[in-house]
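Please load the model in your viewer with both chains shown, and keep a selection panel to hand. The tour goes from one selection to the next and says what is there at each stop.

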Amino acid sequence: MSTKERADRIELLQGTLDLLILRTLLLGPAHGHAIAKAIEFNSDDVLQVEQGSLYPALHRLIKRGWISFEAGTSENNRRAKFYRLTPKGRRQLAAETSKWDKLAAAIARILRPAE
Amino acid sequence: MRRRKRMMEDLDRDIRDHIDRETEDNIARGMTPEEARYAAFRKFGNVTRMKEETREVWSFVWLEQLLQDIRLGFRMLRKSPGFTAVATLALGIGANTAIFSVINGVLLSPLPYKNPKQLVVVKENDSLPDVMDIQTQVRAFSQGGGINVEPMDYTGATEPVQVRVGLINAGFLETLSVQPMLGRIISPGEDVQGGPCLAMVSNDLSTEQNNVPTRDGAKTCL
């Protein structure tokens, strides 16, 4: 567990995990554990991913054709499944990202109208 | 269905692998192995629920794919209504033609024999002598004959070949009033025990095996 207090952590919004997985895979293929680590690390441990929920999300993305997977060996020679962003997934990521930006900006305007 | 099974088989290995990695990370942070493993499981969450959620992802894939195929089919048809109309017409005409051909051949056209309306076929797995008994004892018919088809070997050619042979009595071809192209049909009195050995060959066989003997009228070409 990290040094952060549990109270500082924020549960992920429904549906945002898919977006974060796609964004993580933009950097290159990765296995499941590495994806979870990357999301936590890159959010300074603020986002709390229940790691188990990662797998249904990965399968959902495979089914939609946004990511693909292949068997490979990771560091220290362990068998692992590597997930990779597909061209379709790349387009989806772009669309979802701009949608997220709009949503975040809109919520910010409502919460802080004076600024 | 197969895809779902394969995906679910891999999942167990992925989970084990994931928890092993997390445990190693925790040990590297200074936990004891037991603590490390426990923490890894806690962080992973409810394994059973997660497997159930993953299974649900794949549960109706085959049905969805079928629906997609049907939707695509309809879309293609809507895209080219002219083709759809022509195809429907073509299929309709084709089906009617096929049905008419069968009805015409089987029910409407008369048989190409003499007095086709009076012909009756009696089928029985009996020997030819039995047939001849029926022929003499039953008074309902003016004429009759028998045929018994079985495969036999023809050894007159360079290589022996198997041919379908119909063993007949004299009445058979006479009743149907069929005449051979060459020679004559078997006459009454020749189909008795100890009578001459006579055969007719089909046009196909005589052209295929062009040395089929026709001498003495003992073997006649049909």
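The stops below run from the whole of one chain to the interface, and then to single residues and pairs.

This is a predicted model, in which local features need pLDDT of at least 70 and side-chain atom pairs count only at pLDDT 80 or more, while totals for chains, interfaces and linings use all residues. Residues are numbered from 1 along each chain as its sequence is written, chains are lettered from A and ligands numbered from 1 in the order in which they are written, and side-chain values use heavy atoms, with hydrogens and water left out.

**Chain B as a whole**

Select chain B and colour it by secondary structure: there are 8 helices and 4 strands, where helices (H or I, at least four residues) and strands (E, at least two) are DSSP runs numbered from the N terminus. Their order from the N terminus is α-α-α-α-α-α-β-β-α-β-α-β. Of the 222 residues of this chain, 22% count as buried, a class that means under 20% relative accessible area, with exposed meaning over 50% and partly exposed lying in between (1.4 Å probe, protein chains only).

**The interface**

Next, show both chains and select the residues in contact (heavy atoms within 4.5 Å); chain B gives 29 residues and chain A gives 26. The two chains bury about 2600 Å² between them, 50% of it on carbon and sulfur atoms, the buried area being the accessible area (1.4 Å probe) lost on being put together, summed over both parts. On the chain B side, B:H18, B:R21 and B:K43 lose the most area to chain A, together 28% of what that side buries.

Across this interface the rule finds 4 salt bridges, each a side-chain nitrogen of Lys or Arg within 4 Å of a carboxyl oxygen of Asp or Glu. Select A:K81 and B:D14 to see a salt bridge between their side chains, at 3.2 Å from N to O. The elements that give two or more residues to the chain B side are α1 (2-28), α2 (33-44), α3 (47-58) and α4 (61-79) of chain B, and the largest share, 15 residues, comes from α1(B).

Move to B:D25 and A:K37, whose side chains meet in a salt bridge of 3.8 Å, N to O. Because B:D25 lies in helix α1 of chain B and A:K37 in helix α2 (residues 32-42) of chain A, the pair joins two chains.

**Between α1 and α2 of chain B**

Now select B:D20 and B:R37, a salt bridge whose closest N and O atoms are 3.5 Å apart. B:D20 lies in helix α1 of chain B and B:R37 in helix α2 of chain B, so the pair ties together parts that are 17 residues apart in sequence. B:D20 is partly exposed at 27% relative accessible area, and B:R37 is partly exposed at 35%.

Leaving aside neighbours within four places in sequence, B:A36 is in contact with B:T23, B:N26, B:I27 and B:M31.

**Within α3 of chain B**

Finally, select B:E52 and B:R55, which form a salt bridge with the closest N and O atoms 3.9 Å apart. Both residues lie in helix α3 of chain B, 3 residues apart, about one turn of the helix.
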